Amino acid sequence: MPKVFNWQLGREMSYPYEEHHPQRQFAFVFNLNRCIGCQTCTMACKSTWTFSKGQEFMWWNNVETKPYGGYPQSWDIKILKLLEEANGEPQRWDKGVYQGKTIFEAAEQHIGPEPQRVLGYLPTDEEWRFPNIYEDTSTGYAGGAWGLSNEGATLPEHKTWFFYLARICNHCTYPGCLAACPRKAIYKRPEDGIVLIDQKRCRGYRKCVEACPYKKAMYRPSTRVSEKCIACYPRIEGKDPETGGRPMETRCMAACIGQIRLQGLVKMNKDGSWVEDRYNPIYYLVKMAKVALPLYPQFGTTPNGFYMPPRWVPRGYLKQMFGPGVDEAIAKYLAPDRELLAVLQLFRRTNRIIFRYEIQEGPKVYETTTHGKPFVMYNDTIIGYGEDGKELVRTQVEEPFHIRPATHQNSI
Ligand code: SF4
Ligand code: SF4
Ligand code: SF4
Ligand code: F3S
């Protein structure tokens with residue numbers, strides 16, 4: 001197999017195809033500290049793309065309650081187990097470099113009647129049944145019968161935890177689905193890296209369903225071909241009548257009530273690394289502030305969805321899910337510096353894609369110590385610009401006050 005460089009693993013890896021990268025890549029950041037599990041994103045996608053016959057069990061966007069929930073059921077536990085068996089140990093990193101095998105490398109050594117190109121499994125029909133089983137189910141307590149507490153939870157500190165993990169296709173740089181399709185029916189668009197299944201070429205072999213470690217390629221029995229998240233590409237292309245030709249964020253992003261989502265396009269080098277673009281908000285959050293991390297980087301597909309890890313969850317669990325950058329990301333997020341605080345204000349302030357931001361400094365408004373670190377808040381103004389350089393949004397770190405006049409107390 002050819003070798004490609006995977007920057008999320010800090011090393012080269014095997015992949016069935018030679019490197020070939022788009023000019024720009026669809027990418028997104030989800031702040032898991034803010035997701036309220038309202039499923040508005042899920043319904044925005046469903047009502048737009050998967051409302052037809054044969055798509056009843058298809059949720060291109062889903063939000064699952066971790067650690068127990070999953071769509072399809074137990075998808076991550078199952079693939080982690082396969083990978084652990086192939087590696088003979090749990091995931092191991094050394095100074096930021098992944099030491100184990102990816103799903104592509106593990107498949108090279110797979111010996112059996114049907115050799116796989118990508119390590120994976122096909123979920124059963126039953127496993128696709130529940131879009132949100134174990135909703136709001138928290139972990140058990142240590143001690144007590146069946147791990148349950150005899151005392152119950154007391155504020156201010158809960159002894160249990162859960163969090164909501166919102167997921168869509170990661171439009172991976174090295175997609176497992178694309179690598180596995182014997183019909184070459186899956187392709188990655190050169191202009192924005194969006195991964196699509198050609199509905200005319202697909203013959204329903206379901207190798208893509210088996211090989212996507214995130215289980216985001218889905219089979220449709222009524223047409224006998226597979227489908228997946230299309231990154232709402234007409235909106236990315238600026239074809240939505242509302243945008244006047246300017247690139248727009250996807251349906252699931254734009255609908256997000258918790259304001260956890262920011263989506264954009266990052267420029268790519270020929271070797272798959274990102275072109276330095278210091279003031280692109282996605283580039284800043286992933287590469288400069290390093291607060292947003294890939295989901296299960298050890299799988300090896302280089303997903304282009306990045307997550308700000310939830311700060312209350314045990315670190316071991318988070319490291320399994322987001323790799324070795326967790327401690328650094330949470331420390332930075334808990335005591336954000338001036339620039340990070342300003343960039344966080346851009347989440348869901350506009351439906352257009354922001355390509356660049358600029359910060360205008362404002363006065364100091366607050367100073368304290370938080371989590372053992374000094375924290376100073378300035379009322380800076382952050383301005384987001386579109387692809388054409390025109391201003392899209394202007395917002396401040398401090399929320400504006402509206403004081404009701406005494407004569408009209410019930411108006412704002
Ligand atoms: Fe393919 Fe899955 Fe990656 Fe999406 S998340 S590009 S379906 S491998
Ligand atoms: Fe659905 Fe579009 Fe979100 Fe993909 S990007 S999950 S197609 S709404
Ligand atoms: Fe979470 Fe936003 Fe989806 Fe609500 S709309 S479940 S806050 S990602
Ligand atoms: Fe290929 Fe998946 Fe269709 S493997 S043929 S795209 S079902």
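Residues are numbered from 1 along each chain as its sequence is written, while chains are lettered from A and ligands numbered from 1 in the order in which they are written. As the model is predicted, local features need pLDDT of at least 70 and side-chain atom pairs count only at pLDDT 80 or more, whereas totals for chains, interfaces and linings use all residues; side-chain values use heavy atoms, with hydrogens and water left out.

A residue is near a molecule if one of its heavy atoms lies within 4 Å of it. Around ligand 2 stand Cys 45, Trp 49, Trp 60, Asn 61, Ile 168, Cys 229, Ile 230, Ala 231, Cys 232, Thr 250, Arg 251 and Cys 252. Helices α1 and α7 are the elements that give two or more residues to this shell; helices (H or I, at least four residues) and strands (E, at least two) are DSSP runs, numbered from the N terminus. The shell of ligand 2 holds 9 nonpolar, 2 polar and 1 charged residues. In this count Ala, Val, Leu, Ile, Met, Phe, Trp, Tyr, Cys and Pro are nonpolar, Asp, Glu, Lys and Arg are charged, and the others, Gly among them, are polar. Ligand 4 has 13 residues around it, and the closest are Cys 181, Cys 202, Arg 206, Cys 208 and Ser 226. Its shell divides into 7 nonpolar, 2 polar and 4 charged residues.

Helix α1 covers residues 40–49, and its buried residues are Cys 41, Thr 42, Ala 44, Cys 45 and Lys 46. Buried means under 20% relative accessible area, exposed over 50%, and partly exposed in between (1.4 Å probe, protein chains only). Among the elements that cover these residues are β4 (62–66), α7 (251–254) and β12 (261–267).

Within α9, Tyr 317, Leu 318, Met 321 and Phe 322 are buried. These residues lie on the same side of α9 because they cover an arc of only 105° around the axis, taken from the directions from the helix axis to the C-beta atoms. Just after α9, Gly 323 has a positive phi of about 80°.

Most residues other than glycine have a negative phi, and most peptide bonds are trans. Yet the bond from Lys 66 to Pro 67 is cis, with omega near 20°, and another cis bond, with omega about -5°, joins Tyr 71 and Pro 72. Tyr 134, not a glycine, has a positive phi of about 70° and is partly exposed, with a relative accessible area of 39%. Arg 206 also has a positive phi, near 65°, and is partly exposed at 33%.

Definitions and conventions:
Contact = heavy atoms within 4.5 Å.
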